[in-house]
Amino acid sequence: MNEAFPGFGRSLLNHFCMENSYINLNNGAYGTIPRVVLAEKLRLLKLAESNPDRYIRCEMSDRYTESLKLVSNVVNCDWDDLTFCHNTTAGVNAIVRSITAPEFTSNQKKRKILYFSTIYGAVENTLLFYAKLNNFDLIKVNLFSTFDSEGKVEFDNEKIARALKDRLEKEKGHIFLCVFDWISSVPGFLFPIKSLVHVAHSFDSLVLIDAAHSIGQIKVDLNDLNPDFLVTNLHKWMHCPRGSALLYARKELKNSIYPNVISFGFSKKDKTFQDQFGYVGTEDQINYFCTSKAIEFRNWLGGEEKIINYTHNLAIQGGKLLAKKFTTYYFGADDQIASMVNVKLPKCNKTINDVYMAGFLKFMLHKHRVCFTPFKLNEEWFIRLSAQVFNCLNDFEIVGDLILKEINSLENGESKL
Ligand SMILES: Cc1ncc(COP(=O)(O)O)c(C=O)c1O
């Protein structure tokens, strides 16, 4: 990029495709791309259409490999332990489908899969489906289900690791797989993932990490983390187009992982992990090939460390600001917050039900052009706010005032929702 980097916050908005008046504190949900990445996607699309045979027969495979090589530097692992897939849901499906299949495991003693109650809905459904199909039992360990003496949701990294250890001890010898979020969806909570992987491995369980929110939001070092499987969305925090994710599998296990759609790779002689996933029918892989432009853009911003520091600090400052405004709290210590912060909504003497909250969100989106994610935990309402490179503290200020105004009118019986 030729232009000088203008600094984080509002001045970056012009480099993204979003409406200028939109305050997006909800990047964690869907991500959004910079203009240069959109331009790259269109360029590749035109290139493909200018000569589909040349593009598909002669170029796609090289682009696939090159893109994996580039992104392997961001997550620090051998490039050939990675493949692309459409999203975390698809990647988790492929892994769970493969490893619960009878040809992967015939051990009749180890038939349990453990996960925390913060699991993402679609991932839990995947486990429910394959557990039923392949005769596994599921164990759900409850987290964040109590409040401390000050009314705050209790959370503590040691307690989380202990809850895991206690359950693994109880189920000793029976746990086949542990599925952990690195950063859960709601609450947006950064788990002590390294210690969880360590505990699970010490009980001889496989580990699958749902890292949907990880790449681009926190430092990902796969060689150091050493999971068995991991899937991370490139489209959430890494500025790639929606519909691109990375799937990692440990070297010794990767040849047992098959895509959800079986294609030509299956019968190829001396097939590789990339052969299986890299040619799934005539699928469009342009989103994957935008990775290099997204990395270039992020380097222009100053690189991973600088970006992550900015968004992390902004999330904490934003959390503090809103907690003060709402006279409530945000939860988590600094090392339990990545770039998404969860703040308890202001106290209100009127009941806030799901229908009101759905209307509230639509009102904020359509009337005020702002967005965040509301969620309920133990019957209390919270909001999750994402801090992305184009956000600034003033975004939190504006959104906080809008929320406060609406909750006050609800309390006074003046709400039109
Ligand atoms: C923790 C977590 N896992 C998985 C997913 C699924 O991601 P996708 O919809 O891109 O498959 C999400 C999406 O928000 C998520 O938050």
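How many nonpolar, polar and charged residues does the shell around the ligand have? The shell has four nonpolar, seven polar and two charged residues. In this classification, Ala, Val, Leu, Ile, Met, Phe, Trp, Tyr, Cys and Pro count as nonpolar, Asp, Glu, Lys and Arg as charged, and the others, Gly among them, as polar. The structure is a predicted model, in which local features need pLDDT of at least 70 and side-chain atom pairs count only at pLDDT 80 or more, whereas totals for chains, interfaces and linings use all residues. Residues are numbered from 1 along each chain as its sequence is written.

**Ligand surroundings**

- The ligand is surrounded by 13 residues, and the closest are Asn87, Thr89, Tyr120, Ser185 and Ala212; a residue is near a molecule if its C-beta atom, placed from the backbone, lies within 6 Å of it.
- Two helices, α4 (88-99) and α5 (121-134), each supply at least two residues of this shell.
- Helices (H or I, at least four residues) and strands (E, at least two) are DSSP runs, numbered from the N terminus.

**Annotated domain**

- The unreviewed UniProt entry places the feature "domain: Aminotransferase class V" at residues 25-358; UniProt positions are given in the numbering used here, feature names are shortened, and annotations may be inferred rather than shown by experiment.
- Residues 25-358 are 45% helix and 12% strand, and the end C-alpha atoms of the span lie 17 Å apart.

**Backbone features in loops**

- Val186 and Pro187 are joined by a cis peptide bond with omega of about -10°; Pro187 lies in the loop between β5 (175-181) and α7 (193-202).
- Asp270, a residue other than glycine, has a positive phi near 50° and is found in the loop between β8 (245-249) and α10 (273-278).
- Asp270 is exposed, with 5 other C-beta atoms within 10 Å; by the cut-offs, a residue is buried if 20 or more other C-beta atoms lie within 10 Å of its own, exposed if 12 or fewer, and partly exposed in between, with C-beta atoms placed from the backbone.
- Asn378 also has a positive phi near 50°, and its place is in the loop between β11 (373-377) and β12 (380-386).
- Asn378 counts as exposed because 10 other C-beta atoms lie within 10 Å.

**Gln274 and its contacts**

- Gln274 belongs to helix α10 and is partly exposed, since it has 19 C-beta neighbours inside 10 Å.
- Leaving aside residues up to four places away in sequence, Gln274 touches Tyr64, Thr65, Asp80 and Thr83; two residues are in contact if their C-beta atoms, placed from the backbone, lie within 7 Å.
- Gln274 and Arg43 are 231 residues apart along the chain, and their C-alpha atoms are separated by 25 Å.
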